[in-house]
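The sequence and structure come first.

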Amino acid sequence: MTEHYDLLETRDPELREREQFAQLARQIAHAKRHAPAFARSLADVEPADITAREALARLPVVRKSELAELQRAGRPFGGLAATSWGHARRVFASPGSIYEPEGAAPDYWRFARGLFAAGFRAGDLVHNCFSYHFTPAGSMFETAAHALGCTVFPGGTGQTEQQIAIMSDLAPVGYVGTPSFLRIILDRADELRVNLPSLTKGLVSAEPFPPSLRDALVARGIHAYQVYGTADVGAIAYETPAREGLIIDEGVLVEIVRPGTGDPVAPGEVGEVVVTTLTNVDYPLIRFGTGDLSAALPGVSSCGRTNQRIKGWLGRADQTTKVKGMFVHPAQVAAIVKRHPEVRRARLVVDNPEGSDRMMLHVEVCGVEAPLAEAIVESIREVTKLRGEVTFRALDELPNDGKVIDDLRKLE
């Protein structure tokens, strides 16, 4: 069995970086020509100048949390898309009335690479239990399976007993869907005393995939792997049989930034996943902030793929909260930190002792001086328009979990 989807996966990392930044220059030029929102936000950017990650990090971030408002102001796609009706193959709707176009390119969402890494091959019958209704997940995995030469049964969600009956009749070798629904199907099949021996492969997404469930599936002869993506950019990273984190897809550039900013974090530090698409000309998202947390892993995978790796989904980066009737955002915490170069990292802890909201900014610094504490308290008040306190922590004392705002209030 061929181990890799194509030669791109085993490129020399320096060659990959050069080739991807050449792609990026073309993508930025394309976005400026055909997507009005990028024409405005990147008006002063010369595409040929974005030749390294340091230059990329200076471009503005478009956050998923902003999409609904952008799209309401400019239907259907907020000026971020470079396609139109008749050219887009489909349009989908995600919660919050966010719309995503699907282009006509084969494997438009780029999930075929993840399917291949999970062992799917031409001639397989794939039972697709992602939704075909409103959201793009069903189409994402169907078009990927077709690109590999697989046949797809569009099972969709729900109707567990009918899914089992069809699996028993058609004997698919592979399942794609959420891991929780696969467990429900298998548990119900056990109750009905229906064997599903053909099912040996799986690619799961949209939920955490805990090791306990992974091992339980392996014990049943089903080797399932996870893939991480979003409805906006498609595939971002995928797991391989090495099970050493998730390998970044060849069609995107991924940065890990401090939540609320566009500033890359130190290697290994948890931050927000920011994605730039390199091959999607219909929806050429440049520095798209997913709102998800992850962290980069050092080195390369033992499976032979040489692209960078991330730990996988580690939570949500959008930690906005409301204190005394006013919203407090991670970007405000970042603004406070930027005022004080002595501060390396910070976390705003919100609690409510005796029922009254309180903000305490925990900051990592080398040494403590009273004037610094007073200055930070003043910055908290100026930036958030709320009173807050400060407490000093040693370097590396704050947990590496990506939290910028930790809301500990008990709302009983």
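## Second largest pocket

The second largest pocket has a volume of about 400 Å³. A pocket here is an open set of points on a 1 Å grid over the protein atoms alone, where a 1.4 Å probe fits, with protein on both sides within 12 Å along at least five of seven lines; lining residues have an atom within 4 Å of a point. A volume is the space filled by probe spheres set on the points, which are joined across faces, edges and corners.

Its lining holds 21 residues, and Arg-53, Val-254, Glu-255, Ile-256 and Gln-308 lie nearest the centre. Two or more lining residues come from each of α3 (53-56), β11 (252-257), β14 and β15 (309-310), and β11 gives the most, with three. Helices (H or I, at least four residues) and strands (E, at least two) are DSSP runs, numbered from the N terminus.

## Basis of the model

This is a predicted model: local features need pLDDT of at least 70, side-chain atom pairs count only at pLDDT 80 or more, and totals for chains, interfaces and linings use all residues. Residues are numbered from 1 along each chain as its sequence is written, and side-chain values use heavy atoms, with hydrogens and water left out.

## Largest pocket

About 1,100 Å³ of space lies in the largest pocket. Of its 42 lining residues, Ser-205, Ala-206, Glu-207, Tyr-228 and Gly-229 are the closest to the centre. The elements giving two or more residues to this lining are α6, β8 (223-230) and β13 (288-294). Strand β8 has the largest share, five residues.

## Sheet

Nine strands form an open sheet with mixed pairing, in the order β5-β4-β6-β7-β8-β9-β10-β15-β14. Its edge strands, β5 (151-154) and β14 (296-297), each pair on one side only. Two strands pair if DSSP finds at least two bridges between them. Strands β4 (residues 125-128) and β6 (residues 174-177) run parallel and are joined by three bridges; His-127 has Tyr-175 in β6 as its bridge partner.

## Two buried residues

Ala-145, in helix α6 (residues 137-148), is buried at 1% relative accessible area (buried means under 20%, with a 1.4 Å probe and protein chains only). Leaving aside neighbours within four places in sequence, Ala-145 is in contact (heavy atoms within 4.5 Å) with Leu-115, Val-126, Cys-150 and Val-152.

Glu-364 lies in strand β19 (residues 358-364) and counts as buried because its relative accessibility is 0%. The Glu-364 side chain reaches the backbone nitrogen of Asp-396 at 3.1 Å and that of Glu-397 at 3.2 Å.

Key. Buried < 20%, exposed > 50% of the residue type's maximum accessible area, 1.4 Å probe, protein only. Polar contact = N/O pair within 3.5 Å; in protein donor to acceptor, adjacent residues only side chain to side chain.
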